[in-house]
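Have the sequence and the model open while reading.

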Amino acid sequence: MTLSPVPTRSAWPTDRRITIRDLQAATDRGEKWAMLTSYDTQTAGVMERAGVRALLVGDTSGMTVLGHPDTIAVTMDQMIPMVQAVVRGTDTALVVADLPFGSYQNGPKQALANATRHLKEGGAHAVKLEGGGRTRNQVRRLVDAGIPVMAHLGLTPQSVNVLGGMRRIQGRGEAGDQLLADALALEAAGAFALVLESVPADLGNRVTKELHIPTVGIGAGRHCDAQIMVWQDLAGLTPGRLPKFVKRYADLDQILGDAFAEYATEVAEGRYPDDDHSYS
Ligand code: KIV
């Protein structure tokens, strides 16, 4: 199937990487933009050609690629080859690399060392880290060093053991005021965008109205400036019950399963390889 690109009514660059200024400019002119998680070269290229402007090499790779139950076990050494692969597979998308659990909580110095690895070794253009006021100093240190930072509030999966699960909606009631205060603090510290995960849509709207930087929603309603999803969720590869915000745009589990089964059957029956797929 040929992918039709997202219609371009605006000035997205086609001959250079998208920068954080391009994302801000799109938000300023009221144009919504899409992000996806990305962990490998080939699907990164498909996403870019489809009009996805920024790719997050997320620590969700711990689950989607490495098979862990959550993101806690992921290390910098596991993240970097994936960041390199996504950068190599793209020409224009902005690549954001997640700082995994344990790589920045120790303070600004540790955050700077690991964010520097993401840019120097991985080739990333920005990093993402989770948390509110407690990570403000890390954000400021990275931005001072010239490293763009995407912040992440609401359901922060690296805190799964404190939150008591990955499915709990955050920011209801008075917690919404705290989340907004954290969002403003992160913006003041220099974050260029803010991921809002699993919060009520009216809180997503409130934060989006208060902030100048783009909000990137995942389960935060339609008012966010941008949206992000884990690509295996939208493509139908993630098994089991998914959160309400996940919309399945394809059933790759079925499509790939059928292709693999046909191949296995043809091999078993001696129908593959046939003469068309053999050297004379
Ligand atoms: O790690 C990740 O993929 C994320 C997204 C779900 C926002 O943080």
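T60 is buried, because its relative accessibility is 16% and the cut-off for buried is under 20%. T60 sits in the loop that links strand 2 to helix 3 (61-64). Its side chain makes a polar contact with the side chain of Y39, at 2.7 Å. The side chain of T60 also faces the ligand: one of its N or O atoms is 2.5 Å from an oxygen atom of the ligand.

Please keep in mind that this is a predicted model.

## The ligand's surroundings

Which residues surround the ligand? They are T37, L56, G58, D59, T60, D98, K128, H152 and I218.

In the side chain of D59, an N or O atom is 2.9 Å from an oxygen atom of the ligand. For D98, a polar side-chain atom lies 3.0 Å from a ligand oxygen.

L56 is part of strand 2 and is buried. H152 is part of strand 5 and is buried too.

## Confidence

The average pLDDT of the chain is 95. A score of at least 70 is reached by 96% of the residues. Where is confidence lowest, and where is it highest? Helix 7 (residues 160-163) has the lowest mean, at 86. Strand 3 (residues 94-98) has the highest, at 99. Where pLDDT is low, predicted coordinates should not be read in detail.

Strand 2 (residues 54-57) is covered on both faces. A54 and L56 lie on one side, L55 and V57 on the other, and all four are buried. In a regular strand, side chains alternate between the two faces of the sheet.

Strand 2 has parallel partners. Strand 1 (residues 33-37) pairs with strand 2 over three bridges, in the parallel sense. Within that pairing, L36 stands opposite L55. Strand 3 runs parallel to strand 2 and is joined to it by four bridges. There, A54 is opposite L94. What is the handedness of the unit made by strand 1, helix 2 (residues 41-49) and strand 2? It is a right-handed β-α-β unit.

Strand 5 (residues 149-154) is mostly covered, with six of its six residues buried. V149, A151 and L153 point one way, while M150, H152 and G154 point the other way. H152 is also one of the residues around the ligand.

Strand 5 likewise has parallel partners. Two bridges join strand 5 to strand 4 (residues 126-128), and the strands run parallel. V127 stands opposite V149 in this pair. K128, at the end of strand 4, is among the residues that surround the ligand. Strand 6 (residues 193-197) is joined to strand 5 by five bridges, again in parallel. In that pair, G154 is opposite E197. Strand 4, helix 6 (residues 136-144) and strand 5 make up a right-handed β-α-β unit.

## Backbone exceptions

Most residues other than glycine have a negative phi, and most peptide bonds are trans. Two sites depart from these patterns.

S198 has a positive phi of about 50°, although it is not a glycine. S198 lies in the loop between strand 6 and helix 9 (201-210). Is S198 buried or exposed? S198 counts as buried because its relative accessibility is 8%.

The other site is a peptide bond. From Y272 to P273 the bond is cis, with omega near 0°. P273 is found in the segment after helix 11.

The domain assignment gives domain 1 as 9-249 and domain 2 as 252-280. Taken over C-alpha atoms, the domain centres are 38 Å apart.

D274 also lies in the segment after helix 11 (252-268). D274 counts as partly exposed, because its relative accessibility is 33%. Which residue does the side chain of D274 contact? It makes a polar contact with the side chain of H277, at 2.8 Å. For a sense of distance, take L163: its C-alpha atom is 55 Å from that of D274, and the two residues are 111 apart along the chain.

Methods: Residues are numbered from 1 along each chain as its sequence is written. This is a predicted model: local features need pLDDT of at least 70, side-chain atom pairs count only at pLDDT 80 or more; totals for chains, interfaces and linings use all residues. Side-chain values use heavy atoms; hydrogens and water are left out. pLDDT is the predictor's confidence in each residue, from 0 to 100. Domain bounds come from an automatic or database domain assignment. Buried means under 20% relative accessible area, exposed over 50%, partly exposed in between (1.4 Å probe, protein chains only). Two strands pair if DSSP finds at least two bridges between them. A crossover is right-handed if, with the strands pointing away from the viewer, the path from the first strand over the helix to the second runs clockwise. A residue is near a molecule or strand if one of its heavy atoms lies within 4 Å of it. A polar contact is a pair of N or O atoms within 3.5 Å; within protein, one must be able to donate a hydrogen and the other to accept it, and residues adjacent in sequence count only if both atoms are side-chain atoms.
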